[in-house]
Amino acid sequence: MSPALLVAVAIAAAALVGVVRSRHALRYRAARIGLQLAAAVLLYLCLFPPSTREEFAADELVVLTPGATAAQIAALPLAANTVALPGVEAERALERVPDLGTALRRHVDARRLRIVGGGLPSRDRDAARGLVVAFDAAPLPRGLVELDLPHVVRAGSAWRVAGRAEGLAGGRVELRDPSGAVVAAQAPDAQGRFSLQAVAKGEGAASFVLDALGADGTRVDSMAVPLAVQAGAPLKILLLAGAPDPELKYLRRWAADAGLALDSRLGLSEGVVLTEGAAALDAEALRSVDLAVLDERSWNALDAGAKQALIGAVRDGLGLLLRATGPIPEPVAADWADLGYRVQAAAPAAAVKLDRALGLDEAGPALARGALAVDAPDAAPLLRADDGSTLGWSRNLGRGRVALWLLADSYRLSLAGAAPAFGTLWSEVFANLARARGEIPPSLPQAARVDERAVFCAVATDAAVETEAGAHSQLIADAAGCAAYWPDAPGWHTLLSGDRRWPFHVRARDEARALAAGETQRATRALLVAASSPVEPAARSRPLPRWPFFLAWLALVALLWWLERDAPGDSSRSA
Amino acid sequence: MSPDPRLDRLRSAAVRRRLAIALLGTAPPSLAAVALAARSIGTAAATPVCLAALAVVAAAAWRAWRGVDDAWLARRLDAAEPQLDDSSALLFRDAAALSELQRLQRARVLARLAASDADPRPAWPRPLLLASSALALVLSIVALAWRPHAAGTDTAEREAASRGGDSTALAQVRLDIEAPAYTKIAARTEATLDAKAPQGSRLRWTLRFDPQPQAATLTFHDGSRLALVRDGASWSGERVLASSTLYRIELEGAPPPADDRLHRLDAIADRAPDVRVLEPEKTLTLLEAQQKTWNLAFEASDDHGIASAELQITLAQGGGENVTFKEQTIVLTPVSPGPSSAPQAVASAPAAPAGSEEESPVVARYAYGLDLAALGIAMGDDVIVRLVVADNRQPEPNVTRSASFILRWPAKASSDSAGLEGIVQKTMPAYFRSQRQIIIDSEALLAEKAGLGEDAFLSRSDAIGVDQKILRLRYGQFLGEESETHAQHAQAEEQTAHSAGEHADGASQGHEEEPAHGAADAHDHAASDTPAKFGQEGDVVAEFGHVHDIAEAATLLDAETKATLKSALAEMWQAELHLRQGRPDEALPYEHRALEFIKQVQQSTRIYLARVGLELPPPDEARRLSGERKGLQDRVGSLAAASGDGAPIAQLWQSLAGGASAAGTLDWSAAEAWLHAHESDLPDALAVLAAIDRVRRDPACLECRTSLRDLLWPLLPTPAAASAPRAAPNAAGRAYLDALQAGAGGGR
């Protein structure tokens with residue numbers, strides 16, 4: 001006999017007794033009998049509430065992640081398979097799991113995951129790969145939620161920090177240098193995006209600060225912008241030109257200041273040249289050169305042997321930059337067409353702007369694009385002007401690269417006070433084209449945080465991490481050359497490998513929470529895949545909550561008490 | 001009042017006892033608590049505690065005193081004496097209002113009371129009193145024992161105590177700052193080693209050390225030292241603060257001071273006075289008609305007081321190359337010092353005495369009405385004024401000069417082109433007035449006609465004609481006309497003159513002499529005596545200066561102006577014709593009309609020069625490089641990298657990041673030498689030097705190193721943007737590129 005039946009019998013018996021006792025009541029007899037019976041039914045329902053059937057997706061697991069709001073949790077279907085990761089605050093009783101892997105082991109039939117809340121922590125992302133079909137993201141906190149920093153910044157070059165600020169309408173974002181001076185400021189656009197530019201100084205690690213200020217000027221968010229500036233390498237450049245011009249003057253000045261080894265031969269007159277270094281054009285000499293820069297006049301003056309040596313060296317890895325500074329003579333055009341650039345005279349030189357391309361704050365000078373039409377189907381653009389026209393192309397030739405350059409007066413940038421922009425433009429072009437002989441740097445963690453796993457890859461076996469206080473920890477690399485490190489102190493750390501040092505920055509645990517939330521959300525979104533199988537519908541019975549029955553029963557019983565109490569008019573029975 | 005004096009005695013005895021109990025119970029703990037508070041948190045801060053204690057005692061006493069009333073006494077008596085039959089309350093009631101029986105009982109009670117020795121006083125509450133005195137005792141002991149534990153004493157002192165004998169404590173620090181007398185800032189005393197003081201202040205240190213050193217010296221960051229002189233237990237020394245500096249106390253025969261960082265003295269430089277010109281509002285004022293005086297008003301302000309103000313007045317007379325200057329200087333006295341002339345609010349500086357404030361006000365206004373008539377200004381003259389204000393700095397005052405303000409009496413024919421120089425050029429240079437000169441000359445010649453011979457008259461008329469021709473040619477150049485020489489065309493002109501002579505009709509006689517001409521007749525004979533030479537000079541200019549139609553010259557003027565100028569030239573032709581023929585009277589109307597046209601041109605036209613770039617014609621390849629090429633040879637360039645100023649700073653900044661281990665090997669001296677060399681250029685070199693000193697003394701201090709790096713950041717040079725090769729492709733990448741090339745080669 002089931003307990004429910006026993007209880008039902010007992011309640012029925014009690015109700016029967018009540019009905020019998022109420023049979024002779026002088027007043028409200030019918031009401032009292034009815035109430036007795038109703039109270040008995042409600043008491044039974046309170047003890048054994050009836051169940052409902054709810055439809056749910058049998059193969060879907062709802063995962064509540066930290067940051068899930070009360071509204072999100074309340075909106076969840078009750079029947080769904082729901083688990084809560086650590087850190088979820090909910091009033092409802094939920095199945096708590098220590099991590100997603102555990103949850104998947106407990107719910108072996110889960111084929112798809114619906115993520116609700118801030119997003120999956122990095123620990124659970126691998127377990128969720130390929131399973132996430134929906135992400136119901138919690139709103140991001142106010143502040144800087146996205147940050148985009150260049151991986152490598154060379155000394156003296158202009159660098160840009162971009163990102164997105166949440167809830168900063170009418171406010172502004174300020175970049176401060178380590179001494180606290182504001183070097184760039186911008187009001188975020190409608191999406192909250194911003195992009196600030198500053199100029200790096202010498203080699204070394206420096207912490208800039210990014211402040212998000214609200215419309216009323218109060219600081220909403222603030223975070224360190226770690227910048228590890230690396231020194232450059234002395235590229236060996238061979239510069240040949242038919243005649244000196246201002247572009248060459250500023251280019252040579254920049255090359256000398258930037259520490260490049262520059263050999264040059266500039267024609268001054270017929271048979272008269274201005275030389276620096278050896279500037280020889282034989283195969284032996286070209287083997288040590290990283291990049292050769294020629295214009296159409298110097299190309300025209302080359303003899304066949306020199307051209308052969310040059311192209312051979314390019315196939316072997318040399319970079320070749322062809323500057324078109326004027327009309328291209330027919331034989332030169334033919335040679336260059338062999339190199340992949342079909343060049344024709346076209347409309348007159350057009351004025352182009354590079355303000356956006358170079359991120360200039362103030363309007364920069366108008367520059368001239370050579371009056372040429374270039375047909376280079378397999379070349380990648382090297383530089384685009386603000387109006388979208390291409391000013392330079394590069395394409396692979398053997399192991400080297402050949403580039404065509406139409407911008408003849410970039411020196412105006414230098415004259416207009418944008419010397420860092422000029423240097424950065426040319427340093428990037430040279431880095432792009434020069435002989436590939438740099439080493440592959442180890443990949444450093446970009447968003448390391450205290451007590452979170454930071455991963456290094458391409459590290460040597462002797463790699464170690466040095467903290468700011470001078471403590472060393474040896475890294476143990478796996479077969480793929482990757483190693484992990486758990487930082488326990490914020491600030492600059494150094495990856496030591498051989499005699500090389502690579503600084504990287506570790507954020508404090510509580511620093512830039514908005515950024516962490518944004519990163520978690522983006523990483524979770526990146527896990528989203530299209531559902532591979534149709535939803536498996538299922539139904540589940542769920543007991544109704546007891547408290548409405550209990551309250552109703554209590555109300556009835558109270559009413560009964562009122563009716564059955566020893567009322568003054570009912571004294572005949574008590575007497 | 002009770003009916004029996006005995007009751008009153010009993011009552012007052014009870015009150016006294018209760019008061020005594022209350023006071024004995026509360027006063028000792030309260031006193032002890034006040035003493036403890038005074039010892040622990042200071043006498044001043046203990047005042048609230050004292051008041052609270054007083055309140056507690058007073059409340060207890062009040063309660064004891066108020067608690068004794070008739071009912072209480074009756075209760076006590078009943079309790080103390082059973083014989084009273086619990087009827088003591090009757091004693092306090094009015095006998096008249098009692099019943100017979102009550103009166104009887106009352107009498108009995110009274111009698112028994114007299115017989116008994118009932119005592120209504122409460123007994124001494126021994127445990128309570130014992131507890132309160134014990135509490136008082138404990139509090140007193142704690143108060144007495146407070147000092148050794150010293151929770152409120154100085155942290156530095158505690159550190160010193162914990163370190164034992166490692167460092168010397170500064171038992172007393174006194175820095176007397178006596179600002180220079182002229183600043184009128186009262187001397188003040190600081191109890192710190194860092195201070196800000198006006199430049200030139202006399203600083204006097206009085207220090208007391210514990211333990212006593214054998215010698216004490218202040219070492220300044222520029223290398224100078226100041227030995228302190230011992231005077232009893234204290235050490236003192238004096239120095240004049242010439243510039244901001246850092247210093248440290250060095251002791252001999254004692255451990256170094258506990259606070260061993262560099263201390264900073266900031267010298268506040270005396271600012272030069274500010275001059276604000278209230279009137280005139282513009283730099284250039286034009287003289288108004290009937291203006292007799294020129295009102296000037298200035299306001300000068302200074303941080304410590306203004307010593308003197310002078311108005312420099314320059315009168316520039318004349319025009320062209322013949323300008324004479326007259327200068328004079330007037331010493332101004334301030335008028336009605338402004339409301340803000342209160343003594344400057346330097347911290348803790350008391351108000352300067354009223355007398356001295358008048359002598360050198362901090363803010364002073366000056367007003368001066370310049371009497372133009374007395375100055376002797378005439379039309380075309382400029383008056384230039386400038387206020388020179390000196391403050392009372394010693395030994396040399398700071399002097400500020402205001403901008404120059406010009407009052408111009410415009411010359412009559414001048415037209416306003418201020419502010420447009422460079423863009424706008426007047427069409428006509430000054431010699432265009434010559435047309436008027438020609439008219440004047442012609443009129444003068446006509447007036448003298450009676451006294452002259454015919455030949456003389458003709459030659460003078462001809463000379464004026466030559467002048468007219470030169471003028472015409474000059475105008476012609478503006479129109480791009482062909483130049484001509486006097487000699488070539490003289491004949492032709494004379495020939496045409498005869499045929500055109502009839503044009504000079506009688507209408508021209510209507511022109512009257514211009515009244516304004518009376519002013520100048522300077523031209524007359526000097527010009528007319530040597531007409532041929534003058535003309536020849538003009539010819540030379542015409543011959544060599546300008547050739548055929550110059551495109552630029554022809555496009556200088558718009559079509560309308562050209563038409564007007566052409567009309568003027570036509571009139572000049574006619575005037576010249578008649579002058580050459582010796583008929584100046586017939587030439588006069590043409591001259592007048594030419595003048596009118598020229599004036600129209602002058603008034604209507606400015607030349608706007610288009611801003612055009614330099615567009616070079618394409619080189620002629622056939623002629624290129626065909627010149628003399630002897631001795632030409634290759635040149636070797638000498639491109640040197642920019643010398644890196646600030647390299648020591650950059651090096652220090654880099655090596656500071658190298659972990660604590662590297663700190664010992666840093667090259668401080670180069671950076672410090674660089675900082676000393678550039679101290680005056682840097683905004684705050686002292687802060688950097690102080691930070692360097694901190695790191696040097698405590699290499700392990702991470703925060704010190706970070707703050708030093710941040711301070712060094714603005715000093716770092718920005719190098720040229722560096723470049724680096726891209727990473728070499730790995731084996732797979734190389735193979736891919738090679739395969740691409742092979743495929744491309746195969747495809748061709």
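Me: Quick one to start: is A:Arg164 buried or exposed?
Reply: A:Arg164 is buried, since its relative accessible area is 18%. The cut-offs are these: buried means under 20% relative accessible area, exposed means over 50%, and partly exposed is in between (1.4 Å probe, protein chains only). Before we go on, this is a predicted model, so local features need pLDDT of at least 70 and side-chain atom pairs count only at pLDDT 80 or more, while totals for chains, interfaces and linings use all residues. Also, residues are numbered from 1 along each chain as its sequence is written, chains are lettered from A and ligands numbered from 1 in the order in which they are written, and side-chain values use heavy atoms, with hydrogens and water left out.

Me: Ok. Which side chain does A:Glu166 meet in a salt bridge?
Reply: That's A:Arg164, at 3.1 Å, N to O. A salt bridge here is a side-chain nitrogen of Lys or Arg within 4 Å of a carboxyl oxygen of Asp or Glu. A:Glu166 itself is partly exposed, because its relative accessible area is 25%.

Me: Why would side chains pair like that?
Reply: Side chains of opposite charge can pair when their charged atoms come close.

Me: How many salt bridges does the structure hold over all chains?
Reply: 52. One of them joins A:Lys307 and A:Asp335, with the closest N and O atoms 2.7 Å apart. That pair links distant parts of the chain: A:Lys307 sits in helix 9 (residues 304–315) of chain A and A:Asp335 in helix 10 (residues 330–338) of chain A, 28 residues apart. By the way, helices (H or I, at least four residues) and strands (E, at least two) are DSSP runs, numbered from the N terminus.

Me: And chain B? Which residue does B:Asp462 form a salt bridge with?
Reply: With B:Arg580, where the closest N and O atoms are 3.3 Å apart. B:Asp462 lies in helix 10 (residues 454–478) of chain B and B:Arg580 in helix 15 (residues 559–580) of chain B, so the pair ties together parts that are 118 residues apart in sequence. B:Arg580 is buried, at 10% relative accessible area, whereas B:Asp462 is partly exposed at 27%.

Me: New topic. How many residues does each chain put into the contact between them?
Reply: Chain A gives 61 residues and chain B gives 44, where contact means heavy atoms within 4.5 Å. The two chains bury about 4,400 Å² between them, 55% of it on carbon and sulfur atoms. Buried area is the accessible area (1.4 Å probe) that two parts lose on being put together, summed over both.

Me: Which residues of chain A lose the most area to chain B?
Reply: A:Lys201, A:Arg399 and A:Ala436, together 15% of what that side buries. A:Arg399 turns up again in a salt bridge with B:Asp738 (2.7 Å, N to O).
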